[in-house]
Amino acid sequence: MSSASSSVRCVLHRATPTFPLISFPECGRVVKKGTSRTTEHPGWIYYKCKKHGFGCNFWKWEMEYVEYLLDEKYIRGPDAVEALGWAQDRREELELRKEEDKLTTVSPKELKKNMLIEAVKELLLLLKIVLAMLFMVFAMVVILVLKK
Ligand SMILES: [Zn+2]
């Protein structure tokens, strides 16, 4: 393993361990893996029961699902330690990325403000040009008047 691959940064590029898709004991349906597309959790993996929303409430983010697998002994021994470590690193990375996104994304309100500032700046520039032109015309008139 190279030194770079040990950093948290690379967790997302590390091969994803495959976690067993269990059939949920309470309803017997097999759990389904999905990817979140919400702005709050973009790309987050979740596991839910196929009957979720239809009488079953099994729905967990990846880390909670791994914890569940461990608690229920679906994964044991060294595999369990590895799986939980991976899931925790991944969660940490996702949380970190979320914080970074928050810092870099400009809110629509701010964007509107920036656009307004730009518009005012352009208006001021236009006003300066008009004033300069008026001054030149005035100067020319003065020169013409003095020549007479
Ligand atoms: Zn279910």
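Start by selecting F19, V31, Y47, C49, F58, Y65, V66, L69, I75, A83 and A87: these eleven residues form the largest nonpolar core of this predicted model. Now colour by secondary structure. β2 (45-49), α1 (62-71) and α2 (77-104) each put at least two residues into this core. The top contributor is α1, with three.

Next, zoom in on A87, one of the core residues. Which residues does A87 touch, leaving aside those up to four places away in sequence? Show E62, M63 and V66 and you have them. V66 is itself on the core list.

Pick out its buried residues: A83, A87, R90 and L94.

Then jump to residues 123-146, which an unreviewed UniProt entry lists as a transmembrane region. In the model this stretch is 100% helix and 0% strand, with its end C-alpha atoms 34 Å apart.

Last stop: colour by pLDDT. The protein's mean is 86, and 91% of its residues reach 70 or more. Select residues 1-9, though, and the pLDDT is below 50. Beyond near neighbours in sequence, that stretch has six contacts in the model.

Methods: Residues numbered from 1 in each chain as written. Predicted model: local features only at pLDDT ≥ 70, side-chain atom pairs only at ≥ 80, totals over all residues. UniProt positions renumbered as here; feature names shortened; annotations may be inferred. Helix = DSSP H or I, 4+ residues; strand = E, 2+ residues; numbered from the N terminus. Core = buried A, V, L, I, M, F, W, Y, C linked by C-beta atoms within 7 Å. Buried ≥ 20, exposed ≤ 12 C-beta atoms within 10 Å, placed from the backbone. Contact = placed C-beta atoms within 7 Å. pLDDT = per-residue confidence, 0-100.
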